[in-house]
Amino acid sequence: MTTARFHRVRRLALGTLLGIVALGAALRPTHAQGTVVDSAKSLQTSSAPAPGVDTVLDARVKMVSSRLRCPVCQGESIQDSPAELSAQMRTLVREQLYNGKSEQEVLDYFLQKYGQWILLEPKAEGINLLVYWLPVFFIVIGGGGIAMAVRKWTRPVAVESTATEPLAPTAPPTAP
């Protein structure tokens with residue numbers, strides 16, 4: 001193999017390797033649980049008070065944590081979940097609130113990381129409006145159906161007279 005050909009193959013191999021690394025970095029999931037875990041671990045070193053020390057902060061943490069869905073447990077908030085990930089997320093909520101963020105900013109942070117799914121109560125916009133308006137629609141339709149049925153059941157029944165002509169006198173029985 002000549003030296004020029006060796007350098008060309010080497011550059012091609014290096015370019016391919018860099019391309020694979022760049023593709024791997026681009027396809028790396030951004031919503032992985034490791035992001036929250038790493039963020040929580042890095043924030044655990046800050047000086048937020050422990051739970052129970054600051055009751056106002058505890059109340060704010062509880063309020064925000066009860067609005068966020070646990071990624072591990074089904075249908076539970078991170079406030080109620082015993083999962084380790086939920087505990088780390090509560091710590092992250094505590095740290096962000098302690099560092100001066102508002103409740104909405106903390107919710108927006110988790111919304112950005114996980115999407116609408118993380119909220120236990122979805123925002124009333126777009127397709128989520130169906131969640132809020134469909135029960136009202138079905139209650140109105142059901143109430144109308146019940147009212148129509150009750151009206152039909154309580155309506156007085158009109159007695160129709162089928163005899164419009166007077167009855168003809170019957171002839172007395174004749175003896176044979």
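Modeller: Start with E103, which is partly exposed at 22% relative accessibility. The class partly exposed lies between buried (under 20% relative accessible area) and exposed (over 50%), using a 1.4 Å probe and protein chains only. This is a predicted model, where local features need pLDDT of at least 70, side-chain atom pairs count only at pLDDT 80 or more, and totals for chains, interfaces and linings use all residues. Residues are numbered from 1 along each chain as its sequence is written, and side-chain values use heavy atoms, with hydrogens and water left out.

E103 and R60 form a salt bridge, N to O 2.7 Å. The term means a side-chain nitrogen of Lys or Arg within 4 Å of a carboxyl oxygen of Asp or Glu. E103 belongs to helix 5 (residues 103-114) and R60 to helix 3, so the bridge ties together parts 43 residues apart in sequence. Helices are DSSP runs of H or I, at least four residues, numbered from the N terminus. R60 is partly exposed too, at 25%.

By this rule there are two salt bridges. R94 pairs with D58, with the closest N and O atoms 2.4 Å apart. Here R94 sits in helix 4 (residues 84-98) and D58 in helix 3 (residues 55-65), 36 residues apart. R94 counts as buried, at 8% relative accessibility. D58 is buried as well, at 18%.

Helix 4 also holds Q96. Q96 is buried, with a relative accessible area of 7%. Leaving aside residues up to four places away in sequence, Q96 touches K101, V106 and Y109. Contact here means heavy atoms within 4.5 Å.

Key:
Helices (H or I, at least four residues) and strands (E, at least two) are DSSP runs, numbered from the N terminus.
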